[in-house]
Amino acid sequence: MNLYRLLPLIFLLFLCNGWTYAQHPPHIILILTDDMGYGDIGCYGGDFVPTPHIDRLAEAGTRYTRYYSAAPICSPSRAGILTGMFPARWNFTTFLNDRRSNARAEQANYLNVNAPSMAKVLKTAGYRTAHFGKWHMGGGRDIRNAPGFEQYGFDEHASTYESPAPDPLLTATDWIWSDKDSIKRWDRTAYFVDKTLDFLERNKDTPCFINLWPDDMHTPWVPEAAGRQTGKYPMNPDEEKAFKLVLKEYDRQMGRLLDGIRSLGIADNTLIIFTSDNGPLPSFRGSRSGGLRGTKLSLYEGGIRMPFIIKWPGHVPEGVTDSTSVLSATDLLPTLAAIASASLPENYSGDGEDMTSVWKGRPAARRKAMYWEYGRNDYAFHYPRGRDRSPDMAIRSGKWKLLTDYHTNTTELYDMENDPGETENLAEMHPEIVRSLRTRLVTWRTYLPWLTPERANPERK
């Protein structure tokens, strides 16, 4: 056959293949660092150790300075991401512990399987799904009836002690970590990165969604060179040295991830999100919070304002910092659903907003207010102490952030545009704003579920 007669057919095939590629939903990798402070990494002003690979991620994408976690502690912050809803709506207000502790804290033992799930949503668009890393939304300790990963929509998983199916290579003993584990503490992030790259390689022609949720930078810091660390309240120079070594290795593994994705030939069609679940424990003279007030366990900014970086070539602007848009962890589900053309659950009533246009470089004001509840009683609400201990509820609406205790009249009001460090309580100067915001916050709190753990988590047959 004459070659020239074939050219139109070849051109048509090229167009079809090109159209198919253009319409292929992106692979999505959600990196949720554990207890990373706003000031830990270089691109957010951190100077503990160089973090060139995480900084490279920011240089190739957009860095946001006003992103908020759904909670100042791990379990509810993760539930907020997975469901796109404020975690108190699912009886998550502090970290999950054993049954007795959960009952005393007036919260659930595990995330209800009827809750929305980002993985389930993305599966409606044909995604293969995986969870590699820390879970902490049910399982571990004496919670032996927690639902499996598949009930939340995950095809594959490898997780730590605080999950319904701990990876035996990571859990030689019945605890969070041990020097007897086959995969040592200092190799865990590398292990999860390996799992991620393997999953992508096996499924690179199918859109993939991966939770990459390492348990670095949570204590104990156990670098290979330093041996076992105490993991106690980090105050001494030896612990700071261990922290720096772990952070350096964590950054190196982020570089391995980026290089591996490039080697697989899928970098241009992979959306990477990098953030943290909550702020750091009080450590190193407060330096890890990047000048913000508060730490993990606090509703001040240091506990809930997190690094947030997105890289998506050709869609998210490169080398840009957005210091205007206010983002929430609850935005991830509706935004990723829109990007993937996935179907949200029928009658879904989420708390986030579709921020696709913001991610693509068009900063915008937030329409919805953000609400937080941390700890329903004193049992679950001991720390931090002193100036960094916040009231147990908060709302941010527009430029105003109000914090208050549900059972008292303690109220604080801050102008987040002009005072991000929360240094000047303006409650007495703006009684009308206090009255309006506190009414909204207390009303929201009043209608949250009061289910007992037994009713919320019936024994599964």
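This is a predicted model: local features need pLDDT of at least 70, side-chain atom pairs count only at pLDDT 80 or more; totals for chains, interfaces and linings use all residues.
**Helix packing and aromatic contacts**

Helices α6 and α7 run roughly parallel to each other, because angles under 35 degrees count as roughly parallel and theirs is about 10 degrees.

**The α6–α7 contact**

- Helix α6 spans residues 188–203 and helix α7 spans residues 237–263, and their axes are 10 Å apart where the two pack.
- On the α6 side the contact is made by T189, A190, V193, D194, T196, L197 and L200, while α7 contributes Y250, Q253, M254, R256, L257, G260 and I261.
- Sorted by class, the residues in this contact comprise 8 nonpolar, 4 polar and 2 charged ones.

**Aromatic pairs**

- The model holds 20 aromatic pairs, and one of them is the stacked pair of Y67 and F308, whose centres are 4.1 Å apart and whose planes are 10 degrees from each other.
- Y67 belongs to strand β2 (residues 62–68) and F308 to strand β7 (residues 305–311), so this pair ties together parts that are 241 residues apart in sequence.
- Both of these residues, Y67 and F308, are buried.
- A cluster joined by ring pairs is made up of F48, W221, F243 and F284.

**Charges over rings**

- R293 places its charged end over the ring of Y300, at 3.9 Å from the centre of that ring.
- R445 lies over the face of Y406, where the distance to the ring centre is 4.3 Å.

Notes. Residues are numbered from 1 along each chain as its sequence is written. Side-chain values use heavy atoms; hydrogens and water are left out. Axes are lines fitted to C-alpha atoms, for helices over the stretch in contact, and angles run from 0 to 180 degrees between N-to-C directions. Helices (H or I, at least four residues) and strands (E, at least two) are DSSP runs, numbered from the N terminus. Angles under 35 degrees count as roughly parallel, over 145 as roughly antiparallel, 65 to 115 as roughly perpendicular and the rest as oblique. Contact means heavy atoms within 4.5 Å. Ala, Val, Leu, Ile, Met, Phe, Trp, Tyr, Cys and Pro count as nonpolar, Asp, Glu, Lys and Arg as charged, and the others, Gly among them, as polar. Rings of Phe, Tyr and Trp (its six-membered ring) pair if their centres lie within 6.5 Å; planes under 30 degrees apart count as stacked, over 60 as edge-to-face and the rest as tilted. Buried means under 20% relative accessible area, exposed over 50%, partly exposed in between (1.4 Å probe, protein chains only). A charge sits over a ring if NZ of Lys or CZ of Arg is within 6 Å of the ring centre and within 35 degrees of the ring normal.
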